[in-house]
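Q: Could you walk me through one part of this protein up close? I'd like to look at its pocket.

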Amino acid sequence: MQLDRTQAGRAAVVLVLVVLVAAVVYQLGGFALPWATNHEVGVVAVTDAETGETTCVVVEVADRRPERITGLSDHESLANGSGMWFVHPREENVTYVMRDMDFALDIVYVGADGRVNSVTSLRAPEPGEDGESIRAPGRAKWVLEVPRGYAAANGIDAGDRVNVTYGTANRTDCPK
């Protein structure tokens, strides 16, 4: 049985539509690919480029678009030594906002080379302020959010090396 050109054209259009719908549903968090790094927790190690000392942060992982949009806005606070690790598909220019946040943050931008590109501290929104205007642009493949002041107190700065171990919330699993 052979398809004529009209049938082949229709089949191609249907296939393209199915692929596009699947891509949209995936981006909206409707499903995860079996080979994707869809982890919920991890431990991030930041090694100071000058001293060689390592700081370990237990993190929640935001590796899908809906999680990256919500971020920490549904948290009331963030303990010292804990944070959120945002995974982007590729290194790109990103802007983080303090939308609906209840506490101040340090935003650590990590490049695809595993090094800190920059660190920005952001204040919490004032009462009645939604936080949309409190923004921090940076270039990153990954972004680490920690309580404001944590980066400075632990010497986290541009050039530091960053490693992550997924699937654990145990600080002793801190990668070196």
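By class, how many nonpolar, polar and charged residues are in the lining of the largest pocket?

A: Quick background: this is a predicted model, where local features need pLDDT of at least 70 and side-chain atom pairs count only at pLDDT 80 or more, while totals for chains, interfaces and linings use all residues. Residues are numbered from 1 along each chain as its sequence is written, and side-chain values use heavy atoms, with hydrogens and water left out.

Now, the lining has ten nonpolar, five polar and seven charged residues. Here nonpolar covers Ala, Val, Leu, Ile, Met, Phe, Trp, Tyr, Cys and Pro, charged covers Asp, Glu, Lys and Arg, and the others, Gly among them, are polar.

The largest pocket has a volume of about 430 Å³, meaning the space filled by probe spheres set on its grid points, which are joined across faces, edges and corners. A pocket is an open set of points on a 1 Å grid over the protein atoms alone, where a 1.4 Å probe fits, with protein on both sides within 12 Å along at least five of seven lines; lining residues have an atom within 4 Å of a point. Of the 22 lining residues, Arg68, Ile69, Thr95, Tyr96 and Arg99 are the closest to the centre.

Where do they come from? Helix H2 (65-70), strand S3 (82-97) and strand S6 (135-147) each give at least two lining residues, and S3 has the largest share, with nine. Helices (H or I, at least four residues) and strands (E, at least two) are DSSP runs, numbered from the N terminus.

Take Tyr96: beyond its neighbours within four places in sequence, its contacts (heavy atoms within 4.5 Å) include Phe86, Ile107 and Glu145.
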